[in-house]
Amino acid sequence: MNSFVHKTLVVQLQAGDTDRFSVLAHLSYDAADPFAVTVVFSHDGRVLARWQLDREMLGEALRRPVGVGDVRMRPESRGMWQELRMEFLGDARADGGRHHAVVFAWAPGFAAFLRETYEVVQPGREEVHVDDFLAGVLAGG
């Protein structure tokens, strides 16, 4: 059984007061880290940002607003177009504010990706091998 899922989607990025522009979102899931989904945003071969998201939170965001910290997500509807709005707050800027970006994604694409991850590890069946993790920490690795 494959323990890794990867999908690349075209999403729309809006940074600050700019118009939206297309970037790639590379989604990955590894059963070795069953609670996390990694999203790498890229444009013209350059990595713009890398975020690790909670898989359950991402699934909830397709149905209702979630998040109160650096990552906030919610479903949005534009006519027949169903979007997932992801808001990311980054490092502090020189003016005291924080870097801020909003990504708009086609919600059915994210839902399809999540369904594939559920085939690898069903929700509620995630396992973390704490003893292995602690052994690695204690060994300095």
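Colleague: Which residue lies over the face of Phe104, and at what distance from the ring centre?

Modeller: Keep in mind that this is a predicted model. Arg20 is the one over that face, 3.5 Å from the ring centre. Phe104 itself is the bridge partner of Arg85 in β7.

Colleague: Which strands does β7 pair with, then, and how do they run?

Modeller: Strand β6 (residues 81–92) is joined to β7 by 8 bridges, running antiparallel. Strand β1 (residues 4–15) is also antiparallel to β7 (residues 98–106), with 4 bridges.

Colleague: Now the rings. How many aromatic pairs are there, and how do I read one?

Modeller: You describe a pair of aromatic rings by the distance of the centres and the angle of the planes. A search of the whole structure gives 3 pairs.

Colleague: Is Phe88 buried or exposed?

Modeller: Buried, at 5% relative accessible area. Phe88 also belongs to one aromatic cluster with Phe41 and Trp51.

Colleague: What about Trp81 and Trp106?

Modeller: That pair is stacked, at 6.1 Å centre to centre and 25 degrees between the planes. Trp81 is in β6 and Trp106 in β7, so parts 25 residues apart in sequence are tied together. Trp81 is partly exposed at 43%, and Trp106 is partly exposed at 42%.

Terms used. Residues are numbered from 1 along each chain as its sequence is written. This is a predicted model: local features need pLDDT of at least 70, side-chain atom pairs count only at pLDDT 80 or more; totals for chains, interfaces and linings use all residues. Side-chain values use heavy atoms; hydrogens and water are left out. Two strands pair if DSSP finds at least two bridges between them. Helices (H or I, at least four residues) and strands (E, at least two) are DSSP runs, numbered from the N terminus. Rings of Phe, Tyr and Trp (its six-membered ring) pair if their centres lie within 6.5 Å; planes under 30 degrees apart count as stacked, over 60 as edge-to-face and the rest as tilted. Buried means under 20% relative accessible area, exposed over 50%, partly exposed in between (1.4 Å probe, protein chains only). A charge sits over a ring if NZ of Lys or CZ of Arg is within 6 Å of the ring centre and within 35 degrees of the ring normal.
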